[in-house]
Amino acid sequence: MRTYRLLSIPALLLFSLMSAAETVEVTVNGLVCGFCAQGIEKRLRKFPATRDVLVSLEQRLVAVDLREGATISDAELTEALEGAGYAVKGIRRTDTPIAALREQVKAAGQ
Amino acid sequence: MMPNTPMRHGALLTLLGTLACTASLAKPIAFAGGTTLMGEYGAGTMEEVQGFYAPSHRYSVGGGYLRLDSDVDESVVNITYARANYLVKRWNMAAAQANVFVWGGAGGASGNDFGGNVFTGNAGAQADYETRRIYGSLKSDFYDSTEFTHRIDTLQLGVAPYAHEYDQVAVWLVVQGRTYTGDLYPGTEWAALLRVFKGRIWVEAGVTEDGNLQSMVMVNF
């Protein structure tokens, strides 16, 4: 019983951290060419807070999966995307896992 | 005009292969810190290789080599140049993008109907518009020296059979019209091209109305 309790503490901590994980969804204009849009992914992956990046031309979406406890400000995201040559139209922060967004993009494309 | 010998085609294929081999290191160009390598075989009338580094998505610097073989007479010009490219204006729309670029540079040229190496100036501009299904661009490239003046104007119109996603192979069917001034080619040279790109590699190839190979490969990294 005591062992169970001891194990449950880190599990709860991990769950708590996972549920705090943040996804930033950015609506971007000008996203029409996969070859040209690679700059977005490269720039965003340079942030230490970035765990994963999703780009969807169809959804005009750039999503950044943030590492637990880390963040990228709206200003930093805007600067990175505009520095890559695109126009930011909106930024929203959600707890939607990037894997779920990836599935949504895939489903929308079928 | 220089004949389109197997040796010249072989040299081109070697060049394209070399560029393709660098693709494993390839990263994008349309942002700060990106490098682009490009090689084009222009149906026996022009061959060009270029390399540019972009400190910003607004401009890039680099250089290139251009060989022009006249279809009208026997003249051949080899131009080596340094160049800066500048994005004058970009329109980012919801489902489209349009751009205006200009460039300028300088270098030297040698040829078979003049002696030595002559200073050559270069200037050009390009306007383009694209969605995920249609594409159009108009480019004008101008070279001037005491021995020759050439302008190469290129129109491309493309249509994609499907709208590609970021991680998919993009396929485009492109019609190209090109005119040369300075007795390089009579009239407009039309070509039908297939363009394919995915990740860091862009390849297009086709044939001109004269039956010559028209091809280009580009790598971003």
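Colleague: How many bridges join β3(B) to strand β4 of chain B?
Modeller: There are 11 bridges, and the two strands run antiparallel. β4(B) covers residues 76–92. Strands here are DSSP runs of E with at least two residues, helices are runs of H or I with at least four, and both are numbered from the N terminus. Two strands pair if DSSP finds at least two bridges between them.

Colleague: Before we go on, what kind of model is this?
Modeller: It is a predicted model: local features need pLDDT of at least 70, side-chain atom pairs count only at pLDDT 80 or more, and totals for chains, interfaces and linings use all residues. Residues are numbered from 1 along each chain as its sequence is written, while chains are lettered from A and ligands numbered from 1 in the order in which they are written.

Colleague: Back to β3(B) and β4(B). How many residues lie between them in the hairpin?
Modeller: 6 residues. Across that pair, G64(B) stands opposite Y81(B).

Colleague: And the hairpin of β2(B) and β3(B), how many residues between them?
Modeller: 2 residues. β2(B), residues 46–56, pairs antiparallel with β3(B), residues 59–69, over 9 bridges. There E48(B) faces L66(B).

Colleague: What do the strands of chain B form?
Modeller: A closed barrel of 12 strands, with antiparallel pairing. The order runs β1-β2-β3-β4-β5-β6-β7-β8-β9-β10-β11-β12. Neighbouring strands are turned by 15° against each other on average, direction ignored. Axes are lines fitted to C-alpha atoms, for helices over the stretch in contact, and angles run from 0 to 180 degrees between N-to-C directions.

Colleague: What percentage of chain B is buried?
Modeller: Buried residues are 33% of its 221. Buried means 20 or more other C-beta atoms within 10 Å of a residue's own; exposed means 12 or fewer, and partly exposed is in between, with C-beta atoms placed from the backbone.

Colleague: Where does pLDDT stay under 50 in chain B?
Modeller: Over residues 1–29. pLDDT is the predictor's confidence in each residue, from 0 to 100. Where it is low, the predicted coordinates should not be read in detail. Chain B as a whole has a mean pLDDT of 87, with 86% of its residues at 70 or more.

Colleague: What are the ipTM and pTM scores?
Modeller: ipTM is 0.81 and pTM is 0.83.

Colleague: Switching to chain A. What is the strand order in its open sheet?
Modeller: β2-β3-β1-β4, 4 strands with antiparallel pairing. β1(A) and β3(A) share 5 bridges. V24(A) has V64(A) in β3(A) as its bridge partner.

Colleague: Which strands stand at the edges?
Modeller: β2(A) and β4(A), residues 87–94. Each has a single partner strand, so one side of each lacks a neighbour in the sheet.

Colleague: What does α3(A) lie across?
Modeller: β1, β3 and β4 of chain A, at about 140° to β4(A).

Colleague: How many residues of chain A are in contact with chain B?
Modeller: 23, and they meet 26 residues of chain B. Contact means C-beta atoms, placed from the backbone, within 7 Å. α2(A) gives the most to chain A's side, with 4 residues.

Colleague: Which residues touch the most other members of the largest nonpolar core?
Modeller: A37(A), I40(A), V62(A) and L81(A), out of 35 residues. Such a core is a set of buried Ala, Val, Leu, Ile, Met, Phe, Trp, Tyr and Cys residues joined through C-beta atoms within 7 Å. Elements supplying at least two residues each include β3(A) from chain A, and β9 and β12 from chain B. β3(A) gives the largest share, 4 residues.

Colleague: What does V62(A) touch?
Modeller: V26(A), V28(A), I40(A), V55(A) and L81(A), not counting residues up to four places away in sequence.

Colleague: Which residues does the second, separate core include?
Modeller: Among its 13 residues are V77(B), Y81(B), Y180(B) and Y185(B).

Terms used: Contact = placed C-beta atoms within 7 Å.
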